[in-house]
Every structure is written in structure tokens, then in C-alpha cells.
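The structure is shown first, and the description follows.

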Protein chains: 2
Amino acid sequence: MDNNNLGRHISGQFNVELEDVRSQVMAMGGLLEQQLNDALDALQHGDAETARKVMSADRKINSMEVTIDEECTRIIAKRQPAASDLRLILAISKTTADLERIGDACVRVARAVIDNKEGNRKGLLVSMEAMGRHAARMLHDTLDAFARMDVDAAFRLHKEDRKIDKEFEAVFRQLMTFMMEDPRSIPGILDVMWAARALERIGDRCQNICEYVIYFVKGKDVRHMDTEDMEDLLR
Amino acid sequence: MDNNNLGRHISGQFNVELEDVRSQVMAMGGLLEQQLNDALDALQHGDAETARKVMSADRKINSMEVTIDEECTRIIAKRQPAASDLRLILAISKTTADLERIGDACVRVARAVIDNKEGNRKGLLVSMEAMGRHAARMLHDTLDAFARMDVDAAFRLHKEDRKIDKEFEAVFRQLMTFMMEDPRSIPGILDVMWAARALERIGDRCQNICEYVIYFVKGKDVRHMDTEDMEDLLR
């Protein structure tokens, strides 16, 4: 028996399994982009029907999380990967958990559209929707960086989150002003505020995923590392 | 050479490593209980000094997360565990991530104490501190269930989160009433509201950890499962 061929065969099978689980993550990511864009469309047009669609599609995302994570565990147990293969599987498992939480944020936005009529004030929607679209672009680019395991893009996107934080602060101040001007609007505006906060948190989730890309490529856990140290690592 | 002895030796070493990483998680959990109790004491007495102590200790928690997670990856790569050993390591890694986020919640509460004088209204503090103490008990009991991998306790605690959610709703309504009565207090009360929300989220994190305990013991991922299905599984 040719051990070399066997080795190739095993490795080939392993590659197929890795590729398969990676493509499942990409499919989950694609569905989340759809969810987020739908939630933002619902917000823009006050469209409760689209919002309800977002809420019911969240189940699919939850079950994708469980399926992908089980597959990761199965691969680790069966293939006993080390080094970069193991890092890839762990990065996939963690990414899936963050994607699922982005799904929860979409649900939060959708629920605000359904529960709430206060959100339909014009000025309020414009700035919040702009922040949401920014988060959607960040999600798209983050999934792209993940697909290509592009460490430079991951690092650039990691810094992008600051801009979304600043946009959230502006939205937050605006909402606060509305509340102070018209205290009766407080309950409705608080709903909108939670939704804005959920959109802002999408940036944090994308930042986490960027950290897993850097972890996979560089073999270094960069969570809680400051930007300068991260720059040194990537140089 | 006695293979049986070798097997025992390897397994013995492995057990030592597993026990070591488990005890690191327990140490991290102990530190978090301290952080949460300190944050609540700071809240209770408006004590900015204790709040600052909480904020600076968070670094230690962040670095524990990274260290424990690296150790988990090292054990997987070196020991190539399967079945329950692998589940234990994955449960530990995920628990660590949730513990770190509980640390962020403590920081959020501490920051509200430092930034904010509105929080010192008597009625507001009483209900929020009570909710926080409830979350602290849930954290304590969850860490206990994790230490003993007690699936029945984990299931009982999993349901406990609903009570904290209800307490949060009551606190939230109370804060909203204060805001409507006195719109000038809105900015300060919003800070308190974020802190209350952070305390409520500690219950969710504990719930996650309970799910990892059930996953370890039962070999089944129960995330997103409803309570009835979970009950069936445990019967």
C-alpha cells in the first residue's frame, strides 16, 4: 500500500470537509447580509411585513449556527488537526457565534419597526439608517476578508468600527434631544435607541471576526490588543 | 514496555492539564464575582474609588481570557481529544468568552457610577441593586454548576434568567417614568439604563454557560432549544 497516496487521500478529504464548512459560513454570512438589508429597508419604509419576514428568518440562522459548530467539533474529533488547520476551525466556530449575534441585532431592529410608530420621524430615520447601511457595508467587507483570509483588509476593517461608534454617538444625542423636547415620545424613542445600539454592536461583531482572521493568518490572538501593537504584528 | 502503563501515564498527564485549565476558569470566575460585587457596592454607595478599581481590574480578566483560550487550543493540538474530553475543552473555551463579557458589564456599571450623579436617587438604586445582586447570585450558582458539571443545576439556573429579565423590565419602567417626570434628568438616567441593561445581560451570559454544561454532560448543543425540548433531553 502506498502510504504517500493514502496521506494525500486523507488530506484531500480533509480539505473537502474544511472547504465545505467554510462555504457553510459564507452561506450563513450571505443570509445575514440579506437579513440586515431587509431590516434596514423595513426601517426606511416603516414596512412591518418585511420586518416580520426578518423575525421569522432568524430561526434558520440559529440552526445554521448549531449545524456549523457541530461540524467543527466533528472535524476536530475526526481529523485531529494542528497548527493552521486547527486555527481555521476555531476561527470558523467563533465567527459563527458572532454572526448569530448579528442575526439577533437584525431581529431587534425589525421588532422596533413593528412595535413602534415614533421611529417614523424623518430626521431620526435618516441618521439611523445611514449608520445601519454603514454597518451593512462593514459586514459585507468583513465576510469578504474572511472568505479570502485577507489579514490587511481585516486590520483596516478593525479600525472602521470607530466610525460606526461615532455615528452611534450622533444618533444617540439626536434621540436624547427628541426625548427632552417631547417627554411623551420617550417610550417610543427608547425602542429606537435599543435598535440603534444593536446596529452599533454589529460593528463590534465584525471587529471580532476580523480578529479571528488575523488569528488564523498570524497565529496570534489579538483580542484586547491596542491598535499600535496590532500594527507592529502585521508589519 | 508496558503499554497499559504508558496509556495511564499519558492519560494522567492529560488529566493534569485539563484540571489545570479548569481551575484557571474557576479563578477567572472568582475574580468576576469579586468584580461584580465591587461594582454593585460602588453603585450602592456611589463610591467612585471602588468603581475605578473595577475598571482597572478588567485588564486582568481580558488577559485571563486570552491565556485560557490559548491553553485550550494547545491541549487540542497536543492531546487530540475526542468525545467528552473535547466537549469539555470547547465548553471551557466558550465559558471563558462569556465570562469576559460579564467583565465588560461590570465595567459598564462602574463607569455609570463614576460619570453620573443622577444614579443616586434612592428608589432607582434600590431596584437596580437588587437586580444586580440577583445576577451576582446567578453567576455564583452558575460557576458552581460549572465546577461540578451539574446538569440539573444548570437547567434550573437556565430558567432563572427569566426572573432577572422581569426585574429589568420593572427597573426600565421606573427609569422611564423618572425621565418623563423630569426631562432634564434624561442624560443621566440613560447612563443608568445602560448599566441596568448590562446587569440584565449577565443573566444571559450565565444562561449560555449553563448551556455549555448541558452540552458537556449530555453531548447535545441546546442553544436556541425551547424549555420543553430541553426538559425532554434531561429526563
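## Where chain B meets chain A

In this predicted model, 38 residues of chain B are in contact with 38 residues of chain A. Between them the two chains bury about 3,300 Å², with 62% of that area on carbon and sulfur atoms. On the side of chain B, the residues that lose the most area to chain A are Met180(B), Trp194(B) and His224(B), which together account for 18% of what that side buries.

| Item between chain B and chain A | Value |
|---|---|
| Salt bridges | six |
| Residue pairs in polar contact (both at pLDDT 80 or more) | nine |

A salt bridge joins the side chains of Glu65(A) and Arg223(B), at 3.0 Å from N to O. The elements that give two or more residues to the side of chain B touching chain A are helix 2 (48-79), helix 3 (83-115), helix 5 (151-181) and helix 6 (186-218) of chain B, and the largest share, nine residues, comes from helix 6 of chain B. By type, the residues of this side divide into 19 nonpolar, six polar and 13 charged.

## A helix pair within chain A

Helix 5 (residues 151-181) and helix 7 (residues 227-234) of chain A pack with their axes 11 Å apart, at an angle of about 170 degrees. Because angles over 145 degrees count as roughly antiparallel, helix 5 and helix 7 of chain A are roughly antiparallel to each other. Helix 5 of chain A contributes Val151(A), Phe155(A), His158(A), Lys159(A) and Arg162(A) to the contact, while helix 7 of chain A contributes Thr227(A), Met230(A), Glu231(A) and Leu234(A). The residues of this contact divide into four nonpolar, two polar and three charged.

Notes: Residues are numbered from 1 along each chain as its sequence is written. Chains are lettered from A and ligands numbered from 1 in the order in which they are written. This is a predicted model: local features need pLDDT of at least 70, side-chain atom pairs count only at pLDDT 80 or more; totals for chains, interfaces and linings use all residues. Side-chain values use heavy atoms; hydrogens and water are left out. Axes are lines fitted to C-alpha atoms, for helices over the stretch in contact, and angles run from 0 to 180 degrees between N-to-C directions. Helices (H or I, at least four residues) and strands (E, at least two) are DSSP runs, numbered from the N terminus. Angles under 35 degrees count as roughly parallel, over 145 as roughly antiparallel, 65 to 115 as roughly perpendicular and the rest as oblique. Contact means heavy atoms within 4.5 Å. Ala, Val, Leu, Ile, Met, Phe, Trp, Tyr, Cys and Pro count as nonpolar, Asp, Glu, Lys and Arg as charged, and the others, Gly among them, as polar. Buried area is the accessible area (1.4 Å probe) that two parts lose on being put together, summed over both. A salt bridge is a side-chain nitrogen of Lys or Arg within 4 Å of a carboxyl oxygen of Asp or Glu. A polar contact is a pair of N or O atoms within 3.5 Å; within protein, one must be able to donate a hydrogen and the other to accept it, and residues adjacent in sequence count only if both atoms are side-chain atoms.
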